[in-house]
Amino acid sequence: MTDLKDTQGAPFMRPVLNDIRHNPGAEMVRYARRRSDIISLASGETDSPTPRFITDAVEGALRDGKTFYGPILGNPDLRQDIADSYQRLHDVTLPQERVIVTSSGTSAIHLSLLSTVEKGDEVVAVFPLWKNLLGAIRLQEATVRGVDLTLDMGSGKWVLDLDRLFAEVTPKTRAIVLNSPNNPTGWVMPLEQMRAVMEFARARGIWVIADEVYERLTYDTQCAPSFLEVAEPEDRLFIINSFSKNWAMTGWRLGWMIGPAQAEPRIYDLVLYDNMGPPNFTQYGAMAALKHGEDFVAEQKTRFRKHEQIVHDALTRIGGIEAVRPESSFYAFFKSHREPDCMSFARRLIDEHGLGLAPGCAFGRNFNGYMRLCFAVSEPRLREALGRLEQALS
Ligand SMILES: Cc1ncc(COP(=O)(O)O)c(C=O)c1O
C-alpha cells in the first residue's frame, strides 16, 4: 500500500492516516472474504442475538415516538442507571454528571483521547493492546511507549511489571492507557496495581484511560475491579465501557464513559461537534439491559466458561501450544510452536481449513506467533472450528 499523494507529490490527506493503515487484524478479515464457507472466530462478539427483553424495549420506544434528537450526553435515566450499576458492582457513588452515554465504547475511547492528548504528547500503554485503542492514540499524533504483559510460568498467569510501566513515563507523558480485563489475554489487573497506578498518575498530573469493557465477563468473580474503586472524584481518570459484550449488543453502538465532573462540559462540546449524542431510542434497550439483564450476563458467563474449557481441552489435545487460561473475556490467546509467524498461519488457516482467527501481531509487534480465538460462538460452531484447528496443526 502506498501513501496517498496528490499530483504534486504532497500528502492528499492527513499524513497520520497513512501511519494508522497497517492493521493486521483488518487485513485478515478482508483476506477471509475470499471464502464463503469460513468459520470466523476472529471478531470479538457472540453469535447470539440481543435478548428479546432488550429489543422489546426499543420497539416500545419507537412506538412512543422516541425518534427525535436526544440529550447530547445521553438520556438522564440511562445515566442514572449506569451510575446505579457502579454502586451495585463496585460500591462507588457517582453523580450523574460523571456518566456520559456514548455512541459505542470505541467512541468513548476517542472522546477520552481527543480531550486529553495532543500532537507530540506521549502515551504509555500496556500491550497486548486492542488495535483500535492504539489507532485512537495514533490519530492524536501522540507517540506510544509500550510495556508488555509477560507470562509468569509459576502462576500460569499474565502479569504486569509496574516498575517497567512507570519507567516508560517521561515528562512528555500525558496519559497511561490500560485495558483490564484485557483483550486478548484475559488478564485482570489486581486492585492493588490499580491503586499504585492511580497514585503514580495523580502525583504527576497524568491521565489514566482505563478500558473496562470486559469487566463483567470474569470467570471467578462477579466483576473485575475498576479504577473507580481507587480513584478520587476529581482524578484525571476516564473509564471506558460498553453495552456490546455483556448483553450481545455489538451492533447497537452504545457505550459509556465515566470522567471527572469538571470534564462534562468539555465532553459535551466535543460530542456536540461530533455526532450530537447517542441514538435516542436505542438507549431504552440499554436501560432494559441494566435493569433486567443480570440473568443474561450470568447465562453468558456460564456458557463462556464451558466454552473456555472446551478450547482448553482441544489445545491440550493438539499439544505444542503455549497458552494461559483466561481469567476473563471470551478469547483464547495461544501460540503454536509449529507456526511462529501468525500472519502466514492465519492465511493458511483460511486457505486450507476455512478458519478465521485474529493474528497476535495485531495486538503489538512482540506478540507475533500468537493467535486470538473468540469462543463466544455457539458450541457446534466452536467444536467445528476447533476440529479445523486440530487438523491444521496435526
Ligand atoms: C478492549 C475493547 N474495548 C472496546 C471495544 C469496543 O466496544 P464497542 O463495541 O462498544 O465499540 C472492544 C471491542 O472489541 C474491545 O475489545
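This is a predicted model: local features need pLDDT of at least 70, side-chain atom pairs count only at pLDDT 80 or more; totals for chains, interfaces and linings use all residues.
Residues are numbered from 1 along each chain as its sequence is written, and side-chain values use heavy atoms, leaving out hydrogens and water.

Let's start with the helices (DSSP runs of H or I, at least four residues, numbered from the N terminus). Helix α12 (residues 342-353) and helix α13 (residues 379-393) have axes that come within 11 Å and cross at roughly 110°. The axes are lines fitted to C-alpha atoms over the stretch in contact, with angles from 0 to 180 degrees between N-to-C directions. That makes α12 and α13 roughly perpendicular (65 to 115 degrees). On the α12 side, F345, R348, L349 and H353 meet R388, L389, Q391, A392 and L393 of α13; contact here means heavy atoms within 4.5 Å.

Now for charges: side chains of opposite charge can pair when their charged atoms come close. The structure holds 22 salt bridges (a side-chain nitrogen of Lys or Arg within 4 Å of a carboxyl oxygen of Asp or Glu). Among them are these:

| Pair | N to O distance |
|---|---|
| R348 and E352 | 3.3 Å |
| E384 and R388 | 2.9 Å |

R348 and E352 sit four residues apart in α12, so about one helical turn separates them. E384 and R388 are likewise four residues apart, in α13. R388 is buried, at 17% relative accessible area, while E352 is exposed, at 52% (buried is under 20%, exposed over 50%, partly exposed in between, with a 1.4 Å probe and protein chains only).

Key:
Helices (H or I, at least four residues) and strands (E, at least two) are DSSP runs, numbered from the N terminus. Angles under 35 degrees count as roughly parallel, over 145 as roughly antiparallel, 65 to 115 as roughly perpendicular and the rest as oblique.
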